[in-house]
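Please look over the sequence and the 3D view before reading on.

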Amino acid sequence: MNALAQAAARGPTEAGRAPVQDPTQYLTFMLSGEVYAIGILSIKEIIEYGRLTSVPMMPATIRGVINLRGAVVPVMDLAVRFGKPANEVSKRTCIVIVELANGDEKQVVGIVVDSVNAVQEIAAADIEPPPGFGTAISNDFVFGMGKVNGKFVILLNTQQVLAIDGLAAADATDATRPLATH
């Protein structure tokens, strides 16, 4: 539920004024030269990029799996998910472990990012809806555009971006579509 819908769901406050909303915290990170963010409530941890186990016949967006304290965790390459070439691994490359609600179950997915920046507080008033056109990634993937220090941060809709179901179909569609260029 987006921040504006949450405020509306709470209803009016005393004297009919709009409810005051606390800023929400987001983890900001770099990916292919752009700043993205994910709400920190869905982030379990951040780990150093390590050895991945490749699994045959996986969609191109899945780099492999890791062993996270005995659990098999798929690791998604966000650059590839967004239709860009895979980035080279550097000393700052890391894996952000994200937990998603999948019905009654929790699904844990790792995402490869170029580097992690910081945790930023972004107030609901500083979040604009995603643009209707002109972005290099699907609008389904974008929750909004957060304004931080006069610049925009792309706030990701983790449920859409990290949905493991349907990745093979998305890969087949992406194979026929030209890549976005900057």
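## Salt bridges: the term and the count

A salt bridge here is a side-chain nitrogen of Lys or Arg within 4 Å of a carboxyl oxygen of Asp or Glu. Side chains of opposite charge can pair when their charged atoms come close. The model is predicted, and a search of the whole structure finds 3 salt bridges.

## The chain as a whole

The protein chain contains 11 strands and 4 helices. Of its 182 residues, 36% are buried.

Among contacts in the protein chain with a separation of 6 or more, 54% are between residues 24 or more positions apart.

## R69 and E45

R69 pairs with E45 in a salt bridge whose closest N and O atoms are 2.3 Å apart. E45 belongs to strand 3 (residues 43-48), while R69 sits in the loop between strand 4 (62-68) and strand 5 (71-77), so the pair ties together parts that are 24 residues apart in sequence.

R69 counts as exposed because its relative accessibility is 65%, and the cut-off for exposed is over 50%.

## D77 and R63

A salt bridge also joins D77 to R63, with 2.7 Å between the closest N and O atoms. This pair links distant parts of the chain, as D77 is in strand 5 and R63 is in strand 4, 14 residues apart.

R63, at 22% relative accessibility, counts as partly exposed.

## K147 and E128

K147 and E128 form a salt bridge in which the closest N and O atoms are 3.2 Å apart. Which strands does this pair link? K147 lies in strand 10 (residues 142-148) and E128 in strand 9 (residues 127-128); the two residues are 19 residues apart, and the pair links distant parts of the chain.

K147 has a relative accessible area of 35%, so K147 is partly exposed. E128 also counts as partly exposed, at 32% relative accessibility.

Key:
Residues numbered from 1 in each chain as written. Predicted model: local features only at pLDDT ≥ 70, side-chain atom pairs only at ≥ 80, totals over all residues. Heavy atoms only, no water. Buried < 20%, exposed > 50% of the residue type's maximum accessible area, 1.4 Å probe, protein only. Contact = heavy atoms within 4.5 Å.
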